[in-house]
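Walk through this model from the whole fold down to a single residue.

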Amino acid sequence: MAKSRQQPKGQHFLLSPECRTLTVMDLAKVREETAHGWFRKMRWPETDGEPYCPKCGTLRCHAMSRGRFKCSDRVCKAVFTVTSGTVFASRKLSFRKMLMAIWFSVNSVKGKAALQLSREIGVQYKTAWVLLMKLREAIAWRRDDMVLEGEVEIDGKYAGGHIRPENKAEDRVDRRLKKFQNMKRLCALAIRERGLGGRTFTRVIRDEDGDAAWAAVRDHVSRSATVIADEHASYNDIVGLNRMQRVNHSKAYQAEDGTNTNQIESFFSRVQRAYVGIHHRFSLKYFDWYVAELAWREDTRYHANRSQTFSVLRTALSRPTSRFLCGYWQGNKPPDLIWEGKKAPA
């Protein structure tokens with residue numbers, strides 16, 4: 001009897017065969033009809049891929065040419081496709097190319113550059129960029145109803161707004177002072193559940209201030225959870241919402257009782273690697289979507305790549321057409337994705 005393959009003790013998940021359940025060689029063999037069938041199953045999971053009208057909901061639909069369906073209801077008679085009203089609405093790419101684009105994206109553990117994707121699937125940079133941004137926007141939707149439990153860590157990370165220093169040392173100024181900043185630097189506020197399978201909530205704000213932290217914990221952290229933060233004064237007011245533990249990073253990375261924020265710092269290291277090694281810069285207009293996507297990558301780092309691929313596909317097909325990115329290159333630009341919400345009560 002052949003011995004069953006077991007993951008060696010201490011081996012990282014990305015080194016194990018369980019992480020690579022869908023390879024590029026597998027996708028290369030997929031036909032367009034098969035890819036279309038996968039899209040149908042992800043779009044209509046309740047009926048195992050059988051289409052139903054997105055307007056009236058009837059199951060009485062018949063197939064037409066070019067992958068279209070028509071509602072048989074006398075009043076409705078809507079004509080639709082598997083991507084109508086979704087992130088992929090008005091698509092021009094084949095189903096195989098869209099599926100491969102998602103696969104290449106989820107397999108890049110620190111993010112995917114649009115220029116690289118354009119070379120891998122043979123499309124223009126504009127096409128690859130918009131497709132990736134649509135996927136990021138769809139993933140960011142998961143934060144709306146997120147409520148974290150157990151032990152959660154909170155912290156903020158600043159990015160963007162870099163100013164090249166002057167050549168001569170005597171001409172340089174202290175950029176830490178507010179009067180010498182260009183006010184383009186933004187803060188990514190993150191709250192992360194501890195433990196395997198924990199979720200990460202992110203929100204981009206202008207400054208790491210108490211009002212934003214208080215509102216994030218109020219709306220997205222269970223009242224029974226324990227919040228762990230560093231010594232920054234913006235987290236002082238959270239004590240009125242949840243039980244808190246603090247660690248003073250100016251004295252030690254970990255307190256004497258073991259209190260630390262190592263897991264949220266681990267997530268920020270992924271953001272930093274994506275910033276430096278993949279994208280080289282984050283557009284501050286879309287910084288929120290980039291960070292939300294990286295949070296999803298952090299949360300699903302122990303999922304097989306097949307599961308990740310179909311999870312993103314299912315998410316994209318369940319979200320409505322983007323009102324920000326549809327017609328982007330024709331002049332439809334989204335507003336700055338910076339949270340401007342209600343402040344904490346006085």
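Among contacts in the protein (heavy atoms within 4.5 Å) between residues at least 6 apart in sequence, 63% join residues at least 24 apart. The model is predicted: local features need pLDDT of at least 70, side-chain atom pairs count only at pLDDT 80 or more, and totals for chains, interfaces and linings use all residues. Residues are numbered from 1 along each chain as its sequence is written, and side-chain values use heavy atoms, with hydrogens and water left out.

The protein has 9 helices and 8 strands. These are DSSP runs, numbered from the N terminus: helices are H or I with at least four residues, strands E with at least two. Along the principal axes, the C-alpha atoms fill a box of roughly 70 × 65 × 45 Å.

Now the surface. The accessible area is about 19,300 Å², computed by the Shrake-Rupley method with a 1.4 Å probe. Carbon and sulfur atoms account for 50% of that surface. Of the 346 residues, 45% count as buried, meaning under 20% relative accessible area with protein chains only.

Charge comes next. There are 61 positive side chains (Lys and Arg) and 38 negative ones (Asp and Glu); His and the chain ends are not counted. The centres of the two sets lie 9 Å apart, with each charge placed at NZ of Lys, CZ of Arg, CG of Asp or CD of Glu.

Finally, zoom in on Val-217, in helix H6 (residues 210–220). Why does Val-217 count as buried? Because its relative accessibility is 1%. Leaving aside residues up to four places away in sequence, Val-217 touches Ile-154, Ile-191, Arg-223, Val-227, Ile-238, Leu-241 and Asn-242. Leu-148 sits 69 residues from Val-217 along the chain, and their C-alpha atoms are separated by 9.0 Å.

Conventions. Buried means under 20% relative accessible area, exposed over 50%, partly exposed in between (1.4 Å probe, protein chains only).
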